[in-house]
Amino acid sequence: MRRWNAVTVWVPSSSANLGPGFDVLSIALREPSLRVSLSLSDGDGIRVLLKGKYGGSVNADPETHSGCRALRALMAKYDINEGLEMVVYVDIPPKKGLGLSGAEAAGAVVAANELLSLGLSKDDMVHYASYGEPEGHMDNVSASVCGGFNIVVRDYITGMPRVYSFRPPSDLGTVVIVPNVEKKSTRDARKAVPDFVHKSDMVGNVSRVAAVSVGFVTGDVDCILRNIAWDTVVERSRADSQVYGSGIDWKFLEEEKLYLFKKYGIAETISGAGPSRILWYSISRHSQVIDEALGYVLDRLKELGYEAEAIFKTYPSEIGAYKTSEQYE
Ligand code: HSE
C-alpha cells in the first residue's frame with residue numbers, strides 16, 4: 001500500500017459543557033483553530049515542536065504534551081514502533097477554555113490515522129485522543145474530531161465512547177470573549193467541581209441538557225438560547241471558587257446572564273473550564289444587538305479590572321479535524 005510520510009490536519013477549537021452538560025456536550029468552532037503536521041522520522045519515540053502564535057508559551061514536554069500522550073496510547077495498542085515527529089501550529093489561546101489540549105490530541109490522532117492508514121472510526125479516535133486530557137474527559141476531543149454539536153456517552157457495557165454528532169443550526173452565531181484572567185489549569189479547575197449534587201440541581205441540569213440537545217438536533221435556536229446559560233452545579237461551584245477570575249462569582253455571573261437574556265434574548269456560557277465566555281445568538285434576530293451585548297460584557301470585565309485579550313466573532317464548525325495536505329514516500 002502506498003503510504004504518506006507526512007500529513008497535515010486542520011483542527012477546530014471547541015467549547016465544552018454548553019452550560020449544564022459537563023463533560024458531555026460540546027461544539028466545534030471555526031475559529032480559533034490549529035494545525036498539526038505528523039511525519040515519520042528515523043529516530044524512535046515521538047518528538048514534538050510547537051510553532052504558531054502561542055507556540056512559545058505552552059507545554060512542549062513530550063512526556064506530558066496532550067498530543068504525545070494520545071499518540072503513545074494509540075501506538076501501544078497498535079504496536080507501532082516507528083519514530084514520529086509532530087509539529088503543532090498552536091493558534092488556540094492556551095488555558096482559556098477553548099479546548100487547546102483536546103485539539104492537539106485530536107489532531108495528533110487524526111493525523112496518525114491518515115499517516116499510518118489505520119482506518120479508525122471517529123469513536124476510536126475520540127477514545128485515543130481522550131488519553132491526552134485530564135481525567136480522560138471526552139467532550140473537547142469529540143468536537144475537535146467530529147465537528148458540529150456533540151453528545152459523548154461512555155457506553156455502559158463496553159466502556160468505550162460513543163459520539164452522537166449533529167450539524168449545528170445555521171442561524172446560530174457565537175462570540176468568544178477571552179479575558180486576561182489566568183487560570184491555573186483545567187486539572188485544577190476540575191477540583192472545584194463538587195462530588196455530590198443536590199437533587200433539585202440534578203433535575204434542573206438534566207432537564208436543560210435534554211432541552212439544549214433538542215434545540216441543536218431540531219435546529220430550534222430559541223430552545224438553545226433559553227436553556228444553555230443555566231448550570232447550577234459546575235459553573236456555579238467554579239465561579240464561587242474564583243476559577244473564572246477574582247470577583248467573578250456565581251452572583252456576578254448570574255446577574256450578567258440574566259441581563260443579557262432579558263434585555264437581548266442572548267445567552268452566555270463559560271466555555272469549558274473557563275475563563276472565556278461565549279455569547280450565543282440568533283443571526284437572523286440578534287445581529288443588530290450582538291455588539292451592544294458584547295460591549296456590556298466587556299464593561300463588566302473592566303469593572304473588575306480585566307480586559308479581553310482576544311475576541312472571536314465566529315460560528316460553529318460543521319466539520320472536525322481533516323487532512324489538508326500530505327507528502328508521499
Ligand atoms: N468538561 C471539561 C471541564 C472541559 O469543564 O473540565 C474542559 O475544557
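Tutor: Happy to! The shell around the ligand takes at least three residues from each of two domains, domain 1 (4-167 + 317-328) and domain 2 (172-314); these bounds come from an automatic or database domain assignment. This is a predicted model, where local features need pLDDT of at least 70, side-chain atom pairs count only at pLDDT 80 or more, and totals for chains, interfaces and linings use all residues. Residues are numbered from 1 along each chain as its sequence is written, and side-chain values use heavy atoms, with hydrogens and water left out.

Among the residues around the ligand are Phe-22, His-137, Thr-186, Arg-190 and Arg-238; a residue is near a molecule if one of its heavy atoms lies within 4 Å of it. By class, the shell holds three nonpolar, five polar and four charged residues, with Asp, Glu, Lys and Arg counted as charged, Ala, Val, Leu, Ile, Met, Phe, Trp, Tyr, Cys and Pro as nonpolar, and the others, Gly among them, as polar.

Now for the polar contacts, pairs of N or O atoms within 3.5 Å. Asp-23 has a polar side-chain atom 2.6 Å from a nitrogen atom of the ligand. For Asp-139, an N or O atom of the side chain is likewise 2.6 Å from a ligand nitrogen atom. Asn-140 places a polar side-chain atom 2.9 Å from an oxygen atom of the ligand.

Conventions
A polar contact is a pair of N or O atoms within 3.5 Å; within protein, one must be able to donate a hydrogen and the other to accept it, and residues adjacent in sequence count only if both atoms are side-chain atoms.
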